[in-house]
Amino acid sequence: MIERVVMDESWRREIDIALNESDVVGVQEWSGSIVLLLHVLAVPEYGPVDVDTRRMLVLSEPARVRVLLRRDRIGQYAYGPVVPLSDLESVDEFLASASWHGSMYGWRFLDDPELISDWPAHVSLDIVWASTPARHSLYWFNECGREEDGESVAYCIEGVVEFEQLQVRRADGTPVALEVFVADGKLHGGDPRVAPEAQTTQPKPPPWRPVPDIQNAAPRHASPHRQQP
């Protein structure tokens, strides 16, 4: 069951902090919810660093999903033209194809319409689930790249999901209380566990691919209507 949280300004600020420096490496629809596959900075207040940094951000009762994919012209002001995407599977396939990923930064992701104020009128993918707007929105992005014809090509993929409720789960489906998620997302100044020397000796986190077969995030809702990019 989705954890019911009244997402006031205090909650939004805490979740924004926890999401900073996270890597969005997948976007999928599971049982009518939008699920972002993340690698996060998870450092508990006490004890060892969590070696499994995989988290699922489950956004239930989605009303609309928009995605914008463009070539990232590094060193230039403007991005390349909009790259059309056919559906959420193609979004996830693109993220899975990236040979390197960047982390989200900026400390602002929830309920901030200004974050997409510079988007073009037509985006790569626009899916509408509901006729009325949802109460919340989440902005995400990944500055990434992949090899194409022997050349490293950089991209910027961005998205915004309008939704009603938010829950966090581990990669095996175990729910993570939002209090724990936001507490683990706060880096502790001077903590030797996150010092550069310590990070070089820590094992690499488990990969997200293949994605675990856990699709019980939320009850299914009405089928979406996709608008052509």
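**Figure 1. The largest pocket of the predicted model holds about 520 Å³ of space.** This pocket is lined by 20 residues, and the closest to its centre are L41, T53, Q199, Q202 and P205. By class, the lining of the largest pocket consists of ten nonpolar, five polar and five charged residues.

**Figure 2. The second largest pocket has a volume of about 260 Å³.** Twelve residues line the second largest pocket; Q28, E29, D87, L88 and E89 are the closest to its centre. Two elements, β1 (23-30) and α2 (88-97), each give two or more residues to this lining. The largest share, four residues, comes from α2. Sorted by class, the lining of the second largest pocket has six charged, five nonpolar and one polar residue.

**Figure 3. One cavity of 30 Å³ or more is found in a search of the whole structure.** Rolling a probe the size of a water molecule over the atoms shows where empty space is left. In the largest cavity, that space amounts to about 50 Å³.

**Figure 4. The lining of the largest cavity is made up of A18, V40, L41, A42, R55, V176, V180, F181, D184 and G185.** Helix α3 (residues 178-184) supplies the largest share of this lining, with three residues. By class, seven residues of the cavity lining are nonpolar, two are charged and one is polar. L41 is among the residues that line the largest cavity, and L41 is also one of the residues closest to the centre of the largest pocket.

How values were computed:
Residues numbered from 1 in each chain as written. Predicted model: local features only at pLDDT ≥ 70, side-chain atom pairs only at ≥ 80, totals over all residues. Heavy atoms only, no water. 1 Å grid on protein atoms, 1.4 Å probe; cavity = no way out; pocket = protein on both sides within 12 Å on 5 of 7 lines; lining within 4 Å. Points joined across faces, edges and corners; volume = space filled by probe spheres on them. Nonpolar A, V, L, I, M, F, W, Y, C, P; charged D, E, K, R; others polar.
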